[in-house]
Amino acid sequence: MTASPGASAAADLEVDRVAKRFGGHVAVEALSFDVAHGSFFSILGPSGCGKTTLLRMIAGFIAPDAGDIRIGGRSMAGVAPNRRPVNMVFQHLALFPMMSVGENVGYGLARRGLPRGEIGRKVGEMLERVGLAGAQSKRVDQLSGGQKQRVAIARSLVLEPTLLLLDEPLGALDLKLREHMKIELKQLQAAFGTTFVYITHDQSEALVLSDRVAVMNAGRFEQVDTPQALYYEPRTPFVAGFVGANNRFAGRADRVDGELVALTTAQGLVLHARRIGTVTAGDAVEAYVRPEVATIARDAAELPADQPRLGGAVQSLLFDGANSAVLLREAGSGAELRIALPQTGRYADLRVGETVAFGFDPRRATCFAAPAARPHGG
Amino acid sequence: MAADARSAARLGLWLLLAPALLWLVGLIVLPHVDLAILSLRARVAPRVYEPSLKQYLTFFDEPLYWHTFVRTALMSIVATALTLLLAFPVAWTIAKIARGHARSLLFMACLIPFWVSETVRTLGWMILLRESGVLPALLVRLGLTAQPVELLYHDATLLVGLVYTSMLFMVVPLIGALDTLDDALIEAAYDLGGNGFDILRRIVIPHAAPGIVAGCIVVFMLTLGNYLTPTLLGGKNSLWFTEQIYTQFITRFNWEQGAAFGFLLLGLSTLIVWAGLKLSGQRFGDVMRRG
């Protein structure tokens, strides 16, 4: 494999047309991407999309069928996991229960043949940096979930890898701790400046943590972008459906008017949305309206005059603090959609069965040509 | 009423324990008490006995006895070590490499020889190894030896037989111990720069230690107390201490001496198992629970 001419010099990881199949199943399909030095890169996708296979190929546990992986500019073809400048934080952390915290963190250093004194010093410094100063002699099972997480990261980072791979390390934690560890992980990455490649099926983790996110589906990247761009400018219907909450409507385009598409759903609901990619009148299309894009009002006159107005009955109330929403049934078509409630608490007294008006800015809703019979989640 | 229920529960407990207690007391404790008394007396005239340590002193006075004793202990330790070395790759293959159907097939392959009685299995080795047997004939055919050699009645033959008999008892606890080892730990160690030997030493063996020790204890005790294999494969060239006990009880009809030898063997196995546990830093309770 020769180096591709477009590879940037600052990239810590370059993946060049890497493919892997298991029997007849394509796990990873000719993928290419770069991860810049010092950045936090996430691969987000549903389970079975091939993200674990991709990560294990980067770590060296699986050999790709085709393509090349370069880490720090060096091709990793034929390089065993224990010789790669890459370390991995495992899903269930895989701390060694037969060793103390200090021995866990010092394991990799001892394998490099460092003198005992230097190992002790480096382990001490590293534990201090992750906020576990003096924990060397503790047993692994004496640590809390968050502390274990930090030991697992310290154990890898003490080796100063070019790249740290993280395989859904927050998956096993409970919600409160997960929220806390998300912030901690971001701070650790900023403090160490090591390039992180993080895989997850949790979109909130990917959005909160990453500089750039690749949304992966069926062995391919749908879109590689900043979290903001993924959320506001999804380029494929899969991304629109997978990243963030969204109301999805399948229908047919009636009219294409520059950027805006007028469409009618199968249930007969007429909507306007912004076109992404090419859409021509008569095409099967999919439109996505985010819950927070639409506004509701008891009095239709309160809605902006330049937006199409719709009405519907409240089906159910989904109270979740700042994320509260209502499920509406549109009066004409019976289509269901979810609309976020304003955070002022103005509609906190809404009742099931009540009729309200709602509307949304068509430029903030997206419309895609319906994908040709390719399976996708969402 | 509560007192009634409690006494009924207690009665139930005793009834459930009864078979085990009967077995322990009737077949193990009582005979040993009787043997202990036997071993501590000497015959001074027909049907006249007096308490004495003579039986134990004879053991130390007669070199043949304690030579056989030490030999049995050392050979048993060697046989246990060899069994561990051979069983470990087998257990590793079954626990970590084989999947699904292949796994059960391999385990069956380990188990099937044990459906045949030990006598028949040992006789099988005799057919293979005796002077007129299969292997010596094969060696002549291949031109490796001029005439058939006697492969039976050597220490090496005896070890082969003992290891073969003990394999399953080592493989089973090892599979149990290796099964519970998370593959991610091995991958993590590899990822952090460990090599195969290093991972075996730092991760696999510490994890499997209770299983290893449990297997070693079982195999060592079975080997030390084995009678059939040393008699058939070792013959007169390869004496085993159990043969000495048998001779005292059955051939010489000297039950006092035989009982003393029995207690010496019991003491020996206890001592070596205790030393093994101390050396490996394992606790007996942990080993029996996890192994």
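In chain A, helix H4 (residues 145-157) lies across S6 and strand S7 (163-167), and runs at about 175° to S6(A). Here helices (H or I, at least four residues) and strands (E, at least two) are DSSP runs numbered from the N terminus, and contact is taken as C-beta atoms, placed from the backbone, lying within 7 Å. Axes are lines fitted to C-alpha atoms, for helices over the stretch in contact, with angles running from 0 to 180 degrees between N-to-C directions. This is a predicted model, in which local features need pLDDT of at least 70 and side-chain atom pairs count only at pLDDT 80 or more, while totals for chains, interfaces and linings use all residues. Residues are numbered from 1 along each chain as its sequence is written, with chains lettered from A and ligands numbered from 1 in the order in which they are written.

S6(A) belongs to an open sheet of 6 strands with mixed pairing, in the order S6-S7-S8-S3-S9-S10; strands pair if DSSP finds at least two bridges between them. At the edges stand strand S6 (86-89) and strand S10 (220-225) of chain A, each with a single partner strand, so one side of each has no neighbour in the sheet. On average, neighbouring strands of this sheet are turned by 20° against each other, direction ignored. Within the sheet, strand S3 (residues 40-44) and strand S8 (residues 195-200) of chain A pair in the parallel sense over 5 bridges, and A:Leu44 sits opposite A:Thr200 in S8(A).

Chain B has 13 helices and 2 strands. Its C-alpha trace spans about 85 × 75 × 35 Å along the principal axes. The radius of gyration of chain B is 24 Å, whereas a compact globule of 291 residues would come out near 19 Å (taken over C-alpha atoms; the globule rule is 2.2 Å times the number of residues to the power 0.38). Buried residues make up 30% of chain B, a residue being buried if 20 or more other C-beta atoms lie within 10 Å of its own.

Where the two chains meet, the contact takes 17 residues from chain A and 15 residues from chain B. On the chain B side, the elements giving two or more residues are helix H8 (183-191) and helix H9 (196-224), with H8(B) supplying the largest share, 6 residues.

Definitions and conventions: Buried ≥ 20, exposed ≤ 12 C-beta atoms within 10 Å, placed from the backbone.
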